[in-house]
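This report covers selected local features of one protein model.

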Amino acid sequence: MNTTDTDIAIIGSGPAGFTAALYASRSNLSVVVFEGVQPGGQLTITTDVENYPGFEHGILGPELMDVMRKQAHRFGATSRYETIARVDFSQRPFTLWNERGDQTRAKAVIIATGASAKLLGVPGESEYMGYGVSACATCDGFFFREQPVFIIGGGDTAMEEAIYLTKFASKVTIVHRRRDFRASRIMLERAQSNPKIDFMLDSVVEEYLGATNGHLKQLTHLRIRNTVTNDVQDVPASGVFVAIGHQPNTQLFSGILDMDDVGYIQTKGKSSQTNIPGVFACGDAQDSVYRQAITAAGSGCMAAIDAERWLGH
Ligand code: NDP
């Protein structure tokens, strides 16, 4: 079992984590970034990022994260490709353990663990995940060339993924539980004007149905209920993408840090300070409102400045 000491431990490696790492390491603090299960965070499973300032023609999500990581490393931050499994914030220095039991002692901790895609939780979903059901169009869209696919959700993610999927699929049907959309007007209009995209509104997926043949299983139908008429139909489907929002990755801190009902970490006033002095939170783990790469990066900067001031640098 190894022990490492650092000024600041950053848990999470998306725009919030790496911006915090950049600012903290540039202030001459020793910084370790725990990259977690998805190094680079959610942007590594997107394609074009068109709304991150500074890139006139957009940039690919994985490329943006690669550059952010290199920029933080340039000033001395180090990455550990490990997941933190346990923390002790009851005494200082704070202690963090990875899955092997190696421990890191940190004078301050910045939590930037982000969020993960939510799922419907209806029968068949986990059974056919990876066998026709996916939560990431950019990861799996390619497998559905010239096939009709379905997207579940009515937000910007659903619209963006539907538009993306039209590059591969023969037809994309957006299944949404009501008639109004949470998506921004520009994204909705882009989807509505795309000839390959259809809408199935007032509709909910109640079950994923499939066939198993030996070791092979495959989604074959979606059981869809119309919420107005209550009619239920089994619609043939070999590919479906769930795009219904995200859940903050904060279970590790449950019972330790103050959170809202959904699990977003609560921070004090305009700062990134949690209820434990010396533990700071930024990015999608604490932001239920904006959830953008640029706001995550901004809050990562705030967390690093807060941590630096708290440490008395
Ligand atoms: P949102 O929370 O905005 O939307 C989730 C959608 O899924 C809603 O339409 C919601 O329906 C539906 N939904 C939620 N739970 C269920 C359920 N159990 N069954 C059926 N439908 C369900 O999440 P997004 O991921 O779309 O967007 C998150 C944030 O990221 C937003 O701020 C968005 O603007 C931003 N974003 C921006 C992009 C861009 O600008 N390029 C791209 C992608 C995301 P209902 O409306 O009825 O609640």
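## Glutamine 38

Glutamine 38 is found in the loop between strand S2 (31–34) and strand S3 (48–49). Strands here are DSSP runs of E with at least two residues, helices are runs of H or I with at least four, and both are numbered from the N terminus. The model is predicted: local features need pLDDT of at least 70 and side-chain atom pairs pLDDT 80 or more, whereas totals for chains, interfaces and linings use all residues. Residues are numbered from 1 along each chain as its sequence is written, and side-chain values use heavy atoms, without hydrogens and water.

With a relative accessible area of 31%, glutamine 38 is partly exposed; buried means under 20%, exposed over 50% and partly exposed in between, with a 1.4 Å probe and protein chains only. Apart from neighbours within four places in sequence, glutamine 38 is in contact with Ser13, Thr44 and Ile45, where contact means heavy atoms within 4.5 Å. Glycine 300 is 262 residues from glutamine 38 in sequence and 18 Å away in space, C-alpha to C-alpha.

## The parallel sheet

Five strands make up an open sheet with parallel pairing, in the order S10-S17-S11-S12-S13. Strand S10 (133–134) and strand S13 (197–200) are at the edges with a single partner strand each, so one side of each has no neighbour in the sheet. Two strands count as paired if DSSP finds at least two bridges between them.

S10 pairs with strand S17 (residues 240–242) in the parallel sense over two bridges, and valine 133 has valine 240 in S17 as its bridge partner. S11 and S12 are also parallel, over five bridges; here valine 149 is partnered by valine 172 in S12. S11 is mostly covered, with four of its five residues buried.

## Helix H4

Helix H4 (residues 156–165) lies across strand S11 (148–152), strand S12 (171–175), S13 and S17, and runs at about 170° to S11. Axes are lines fitted to C-alpha atoms, for helices over the stretch in contact, and angles between N-to-C directions run from 0 to 180 degrees.

The buried residues in H4 are Ala158, Met159, Glu161, Ala162, Tyr164 and Leu165. These buried residues pack against helix H3 (137–140), helix H5 (185–192), S11, S12, S13 and S17.

## The antiparallel sheet

A three-stranded open sheet has the order S14-S15-S16 and antiparallel pairing. Strand S14 (203–213) and strand S16 (232–236) stand at its edges, each with a single partner strand, so one side of each is left without a neighbour in the sheet. On average, neighbouring strands of this sheet are turned by 30° against each other, direction ignored.

Strand S15 (residues 216–226) and S16 run antiparallel and are joined by five bridges. Arginine 223 stands opposite aspartate 234 in S16.

## The second largest pocket

The second largest pocket has a volume of about 200 Å³. A pocket is an open set of points on a 1 Å grid over the protein atoms alone where a 1.4 Å probe fits, with protein on both sides within 12 Å along at least five of seven lines; lining residues have an atom within 4 Å of a point. Points are joined across faces, edges and corners, and the volume is the space filled by probe spheres set on them.

Of the 15 lining residues, Thr19, Leu22, Tyr52, Met68 and Gln71 lie nearest the centre of this pocket. Helix H1 (15–26), helix H2 (61–74) and helix H6 (293–311) each supply at least two lining residues, and H2 gives the most, with five. The lining has 12 nonpolar, three polar and no charged residues. In this classification Ala, Val, Leu, Ile, Met, Phe, Trp, Tyr, Cys and Pro are nonpolar, Asp, Glu, Lys and Arg are charged, and the others, Gly among them, are polar.
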